Amino acid sequence: MPNVVVVGAGVSGLTSAYLLSKQKDNVVTVVAKHMPGDYDIEYASPWAGANVLPMATKENSSWESRTWPELKRLAVEVPEAGIHLQKVRLFRREKDIEKLRKGGYNFDGLFQENPWYKSLFDDFRELSKDELPEGIASGAEFHSLCINVMLYMPWLIGQSRANGVVFRRGQLKHISEAAALSHNGGKADIIVNATGLMASRLGGVMDQNVIPVRGQIVVVRNEAPYMLALSGTDDGDDEVSYAMTRAAGGGTILGGTYAKGQWESQPDPNIAMRIMRRIVEMVPEITNGQGVKGLDIIRHGVGLRPYRNGGVRIEKEKIDGTWIVHNYGHAGWGYQGSYGCAQDVVQLVDEIKNRSKL
């Protein structure tokens, strides 16, 4: 039976382990420094919104396109997964429209006019001119979903454990060390590297294309009337504006920042104030018109998106005699691409298994 060790317990590692565990011939162990329930600046997944707002361009849309049906199914059929459907209002500012048309924007496909993903959402529609706030060139409305990550990550662990996956704490200096960490004592045949940002520092990988993109958020008890996505801000290119309410009382996430190369783990109070001010200006209903003082704050937070210059890395290679399947570099779309990427991991693992049979 193939012995697989998955390194990393963020959403990419957990989803990879879950799908691998559905093949009953796989023996799967997850080894991670950080597990769900932990808060650490190295560990991005607990800080995510998380939602589905497609960021890819059409040519790179396969991962998000394949993930959406599964997350939607969970939202509709599996309430214990902690996902709910939510209306989105997406606004393209007049100030940003030329930049969006030229391309090279942080979120690639999200704010495109006539986006590829309009066929993904059944009720996608462009907003009429009389529905647009002042300063907005165009916008769209559709139903997407928001994930309460505090429920969803433990749900993934539970599903994996039901299929026999074993979870272990561990810190690795080199990716090849994972070969000796299977729970059954045997040497791993295949290692899945889902180490996110730490792929930049892990021996045997040391991927210098992986950099942090700092995201600062404010979590509040107020419920947003819809999920907000705004194409830009007047506070600099590193700042963005969005809001989403997590399922099952998980609070509303107000964001944010998109600061490449920044490792700072502590929230900046000035940025927090700007985040809150922008949200209450765009969505005054969130505080019934009371402004920032009407926000009921749960906590401030910072997460580091595991961005990779050149895009996500999903491929296989042999290191120190053991096959490694890489799955990292998802930046801010780890959840909304999780199933598509994990399906590719399973395919690569199957290719290695079939090769070993020859």
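Author: A residue counts as buried when its relative accessible area is under 20%. The model discussed here is predicted.

Reader: Is C341 buried or exposed?
Author: The relative accessible area of C341 is 1%. The cut-off for buried is under 20%, so C341 is buried.

Reader: How many disulfides does the structure hold, and why?
Author: A disulfide needs two cysteine sulfur atoms within 2.5 Å. The sulfur of C146 has its closest cysteine sulfur in C341, at 20 Å, which is too far for a bond. Seen from C341, the closest cysteine sulfur is that of C146, again 20 Å away and too far for a bond. The number of disulfides is therefore 0.

Reader: What is the relative accessible area of C146?
Author: C146 is one of the two partners in that 20 Å separation. C146 is buried, and its relative accessible area is 0%.

Reader: Which strands are the edge strands of the open sheet?
Author: The open sheet is formed by 6 strands with mixed pairing, in the order β6-β2-β1-β7-β15-β14. An edge strand pairs on one side only, and this holds for residues 166-169 and 313-319. The edge strands are β6 and β14.

Reader: What is the average twist from one strand to the next?
Author: The value applies to the open sheet of 6 strands. From one strand to the next, the twist averages 20°.

Reader: Which residue in β6 stands opposite V30?
Author: Strand β2 covers residues 27-32 and pairs with β6 in the parallel sense. This pairing runs over 4 bridges. Opposite V30, the residue in β6 is F167.

Conventions
Residues numbered from 1 in each chain as written. Predicted model: local features only at pLDDT ≥ 70, side-chain atom pairs only at ≥ 80, totals over all residues. Heavy atoms only, no water. Pairing = 2+ DSSP bridges. Helix = DSSP H or I, 4+ residues; strand = E, 2+ residues; numbered from the N terminus. Axes fitted to C-alpha atoms, helices over the stretch in contact; angles between N-to-C directions. Buried < 20%, exposed > 50% of the residue type's maximum accessible area, 1.4 Å probe, protein only.
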